[in-house]
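Please look at the sequence and the structure before reading on.

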Amino acid sequence: MELGTLLCCFALLFIGASVADIETLHDIKDLKGIEFGHEYPRHGLLLLHWLASHVTIDQAEAFLLHFDPLRQDYGFQHYENPQCTEEFGLPHLNDTLDREYYSLGSLSSEAVRTQLPPYVTQDYYNSLDNPNRDLDLIILRVQKIRPTIADKVYITSVQGCDYNQNKTHEISSKLLRQVQALKKPVNILLTLLSDSWVPSITQSDDPRLALTKGEIVTHLQNMEKHLKSIFEQQDVRWLLSLAGYDLEARFDIHKQTWLCSTDEPAQHEESNPKTACESHIPVKIGVKSTPDGYARLMWSGIPNNIIEQGPTIVLFSSDTSSTLETFESLKGQTSGSADTFVALKHGLHPRLVTYKFGSEHGFFGLRYTVYWRGPQFDATNRVIPTEISGYNASLQLYTKDGYACARLYIKNSFTDWKQEFYNSWVGFYASERNLDHNYQHYQWVSNFEKVEDDDDTKEYLIYQYQSNMSIGPGVQARFLFSKEAVRTFVLLRWYTPTVKARTVPWEKVKT
């Protein structure tokens with residue numbers, strides 16, 4: 001008995017020492033002293049910004065997640081390797097603790113990089129040979145019974161399972177609140193015009209209020225010069241500047257990418273910049289949907305010095321593929337779109353290139369230069385499933401081969417779902433404005449096909465269905481619940497069911 005008690009105390013002391021070794025960062029300025037995401041092409045600070053936009057912090061300092069990591073929303077993965085857990089210094093979670101670790105940030109996984117927004121992934125796509133493009137991770141400690149509540153947030157750097165404990169830090173709720181506060185507009189003009197301005201150490205979460213007038217001016221100048229043509233969101237630029245991101249080195253990469261002059265860039269009208277460095281509009285290329293389920297190529301902010309070279313957007317089946325799906329000349333347009341006849345499918349990857357004849361290794365032929373790689377197309381349009389009201393289940397709209405599809409996530413604990421949903425169906429609508437009985441296509445939930453997966457530890461069963469309706473802007477799926485037997489087309493059209501879930505209309509949310 002005494003020996004068991006001694007071993008238990010020793011284990012607790014070991015865990016306590018491990019936790020004590022992890023430094024907690026309480027303020028944005030604390031980020032300056034670490035390596036996490038501080039230079040191109042690392043994405044850690046951008047990942048931290050993304051997380052702050054997807055959590056609410058309650059009065060008990062718990063992190064209420066706007067997603068479900070158990071469902072693998074946004075590519076979250078359950079972390080369960082005890083060797084690696086010890087390596088990055090996180091406390092071991094035994095079976096008596098109602099906690100689990102989930103991680104996000106490994107962009108080498110297509111399931112992760114396709115679900116995160118372009119500002120987080122753009123440097124990964126455009127630094128193919130750089131070994132530092134996939135080092136940063138965020139780790140959440142969540143409750144097992146309520147996985148949408150986290151009590152700890154960690155950041156770390158990793159290469160395989162080679163975690164460095166000295167590079168693992170805990171992020172406090174105060175710091176995350178500061179990142180969230182950067183979204184609030186600050187009346188900079190009044191600040192700069194006020195002779196009486198002094199730094200304010202108040203209860204405000206906004207770290208900019210603690211800056212002097214001179215510091216505010218310096219940050220604004222640096223962001224204007226180095227970041228405005230790279231990152232569209234002002235709060236992203238503020239975070240990078242306040243956290244000590246290497247702005248000058250990042251801008252040097254930007255100049256090399258877009259063939260900018262090494263001299264100080266001149267300031268031009270935003271609609272007619274000579275180079276990307278003179279513009280205040282970041283370059284964007286991407287894939288959207290036509291009304292008929294085909295890929296629509298989109299581009300904007302292409303600088304004139306690239307336009308003069310007659311660029312083309314080429315569409316590949318994935319970011320690692322050399323299989324060309326289609327291509328479209330920009331025809332001198334710095335922004336625009338072009339419809340294709342390539343059916344929408346997961347992973348499509350647009351690249352901005354220029355062609356010219358030249359010789360290489362003694363061979364003469366058509367050569368091309370890749371200037372920019374856009375984000376891959378995500379089959380769910382980067383929208384997570386919608387909860388089915390009153391049940392441990394959710395509904396997701398996605399596309400396959402240009403058709404509207406629906407996916408059902410059923411929690412393993414919901415064992416009688418087939419009986420409960422026997423008379424329920426999913427309807428597909430051309431618009432969110434359509435009445436519930438005006439669907440273009442439907443399918444009974446009981447007819448959805450199970451997605452077979454070798455991972456027996458998953459907390460959800462997944463069932464899906466592909467309709468014969470084309471995906472397109474505005475398309476919506478709804479979960480129509482009924483206890484009554486209405487399994488005929490005529491009855492369905494006149495019956496008024498209960499709508500338990502409505503997905504976000506396709507392309508309604510900016511992704």
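The text below takes up the helix and then the cavities.

The model is predicted: local features need pLDDT of at least 70, side-chain atom pairs count only at pLDDT 80 or more, and totals for chains, interfaces and linings use all residues. Residues are numbered from 1 along each chain as its sequence is written, and side-chain values use heavy atoms, with hydrogens and water left out.

Helix α10 covers residues 247-257, and its buried residues are L247, R250, F251, H254 and K255 (buried: under 20% relative accessible area, 1.4 Å probe, protein chains only). Down the axis of α10 these residues fall within an arc of 145°, so they line one face of the helix. They pack against α5 (118-125), α8 (213-226) and α9 (234-242), contact being heavy atoms within 4.5 Å. At the N-terminal end, D246 caps α10, with a side-chain oxygen 3.2 Å from the backbone nitrogen of A249. L259, with a positive phi near 55°, follows α10.

The structure holds two cavities of 30 Å³ or more. A cavity is a set of points on a 1 Å grid over the protein atoms alone where a 1.4 Å probe fits but cannot get out; lining residues have an atom within 4 Å of a point.

| Cavity | Volume | Lining by class |
|---|---|---|
| Largest | about 80 Å³ | eight nonpolar, five polar, one charged |

Strand β18 (residues 393-400) gives the largest share of the largest cavity's lining, three residues. R250 and H254 of the helix are among the residues that line the second largest cavity.

Definitions and conventions: Buried < 20%, exposed > 50% of the residue type's maximum accessible area, 1.4 Å probe, protein only. Helix = DSSP H or I, 4+ residues; strand = E, 2+ residues; numbered from the N terminus. Arc of directions from axis to C-beta. Polar contact = N/O pair within 3.5 Å; in protein donor to acceptor, adjacent residues only side chain to side chain. 1 Å grid on protein atoms, 1.4 Å probe; cavity = no way out; pocket = protein on both sides within 12 Å on 5 of 7 lines; lining within 4 Å. Points joined across faces, edges and corners; volume = space filled by probe spheres on them. Nonpolar A, V, L, I, M, F, W, Y, C, P; charged D, E, K, R; others polar.
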